[in-house]
Amino acid sequence: FQGIFVLGLPYALLRSGYSGLFLIILAAALCCYTGKILIACLYEENEEGQLVRVRDTYEDIANACCKKLSPRLGGVFVNVTQVMELIMTCVLYLVVSGNLLSHSFPYVPVTEKTWSVIAFVTLLPCVFIKTLKIVSKLSQLCSLVHLVIILVVMTYCLTQIHRWSWAKFRRSVEFEDFLVSVGVIIFSYTSQIFLPTLEGNMKNPREFSCMLNWTHFFACILKTTFALTAFLTWGEETKEVITDNLPSFLQTLVNLCLLTKALLSYPLPFFAATEIVCACISGGNHSNYSSPLFALGVRGSFLLITLLMAIFIPHFALLMGLTGSVTGAAMTFLLPSLFHLNLKWNKLSFSEKCADMVIFMLGFLCSIAGIVCSIKGLLEVFG
């Protein structure tokens, strides 16, 4: 919840004004709810009326909903959407790495795209990652670095409290700017991909709902506090990656910490995406799946794809908004509400059905509008 994409939230407030604060809170509440109904789809009542876990993954839920059309249609759609989101996350890490390096060493005559290529070279060992054990160790280091970064940015902002003014918030907001902000905020909360696995590995799965309430509550508080203090400090000068606003004596230090975090974060979505693709291509044939050349080919191809996309779309906030609008809205709002209605229709109350339908419609409208506005923004940037 508190990943590197939190750095785009102050920029989202710049573009959405006061409504951005409301969006951060609303997104937390809706994501918490859709997380719960997604997990509810893993369970069915047995003959004794007890809930039994009959499904294990997001893919299993999708297949159960689409079994009348095709036994595997839903799973294929979910896997494609998951891979898109994970790959776009990897691309964002490369884009932000190039951005951070260019701002850390402004006197070096190297373009931001070239810095992204240099960062990419350090990630080449990812093709040899075979287990989640290595990824988990990298993620632990990543969390520690993140805490340092947030503390430094927040501390500096608090020293500038004399500059704060609520007048910095826009009173009128362009509709297109608002929709791009929606995508950025949604993307900063996306976690539904991992929830079925997380719930299945809990010592006491009954505490899942309580855990989800508290994590979303604290995530909302932290995101709102960070975005608000940073935006009040810089106002209209707020940049896409908030660390670019820091004074030079802090910027280099924080940017290098962020670069470390981005590079340490890359292996997790990369590993998850390649695992999904390898499993789909092999079709359950473990001999193919375990073939070193096959695995290296898939991982190498994915590395190259993320590099090419980072070079051709080097705009952090717009890319984040597009990803949030396309895959974030689908995995977080559209699919959980649709699956819940499909699998639990006869057991839902009228208010629950209405809630699911409203969330589906909101997700659909925001997704379509966000896609159009993000693409339009990218086209304008490219002239």
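Which side chains meet in a salt bridge with N to O at 3.1 Å, R55 being one of them? Select R55 and E44: their side chains form that bridge. Here a salt bridge means a side-chain nitrogen of Lys or Arg within 4 Å of a carboxyl oxygen of Asp or Glu.

Before going on, note that this is a predicted model, where local features need pLDDT of at least 70, side-chain atom pairs count only at pLDDT 80 or more, and totals for chains, interfaces and linings use all residues. Residues are numbered from 1 along each chain as its sequence is written, and side-chain values use heavy atoms, with hydrogens and water left out.

**Stop 1: around E44**

Stay on the pair. R55 sits in the loop between strand 2 (51–53) and helix 3 (58–65), and E44 in strand 1 (residues 43–45), so the bridge ties together parts that are 11 residues apart in sequence. Helices (H or I, at least four residues) and strands (E, at least two) are DSSP runs, numbered from the N terminus. R55 counts as buried, at 12% relative accessibility. Buried means under 20% relative accessible area, exposed over 50%, and partly exposed in between (1.4 Å probe, protein chains only).

Next, select D56 and R53. They form a salt bridge too, with the closest N and O atoms 3.1 Å apart. D56 is partly exposed at 47% relative accessibility. R53 is partly exposed at 25%. Shared partners join E44, R55 and K344 into one network of salt bridges. A search of the whole structure finds four salt bridges.

**Stop 2: E199**

A polar contact of 2.9 Å joins the side chains of E199 and R53. A polar contact is a pair of N or O atoms within 3.5 Å; within protein, one must be able to donate a hydrogen and the other to accept it, and residues adjacent in sequence count only if both atoms are side-chain atoms. Is E199 buried or exposed? E199 is buried, with a relative accessible area of 2%.

**Stop 3: the cores**

Select I185, Y189, Y266 and F302. They have the most contacts inside the largest nonpolar core, which has 78 residues. Such a core is a set of buried Ala, Val, Leu, Ile, Met, Phe, Trp, Tyr and Cys residues joined through side-chain atoms within 4.5 Å. Helix 4 (residues 73–104) gives the most to this core, with 11 residues. A second, separate core of 20 residues includes I39, Y43, I193 and L195.

**Stop 4: a surface patch**

Turn to W214, F217, F218, I221 and L222, which make a nonpolar surface patch of about 530 Å². Patches are made of residues with over 30% relative accessible area and no salt bridge: like charges are joined within 9 Å, nonpolar side chains (Val, Leu, Ile, Met, Phe, Trp, Tyr) within 5 Å. Accessible areas come from the Shrake-Rupley method with a 1.4 Å probe; for residues, only the protein chains shown count as cover. F218 is in helix 9 (residues 208–234). F218 is partly exposed, at 45% relative accessibility.

**Last stop: the whole chain**

Zoom out. The chain has 15 helices and two strands. Buried residues make up 52% of its 383 residues.
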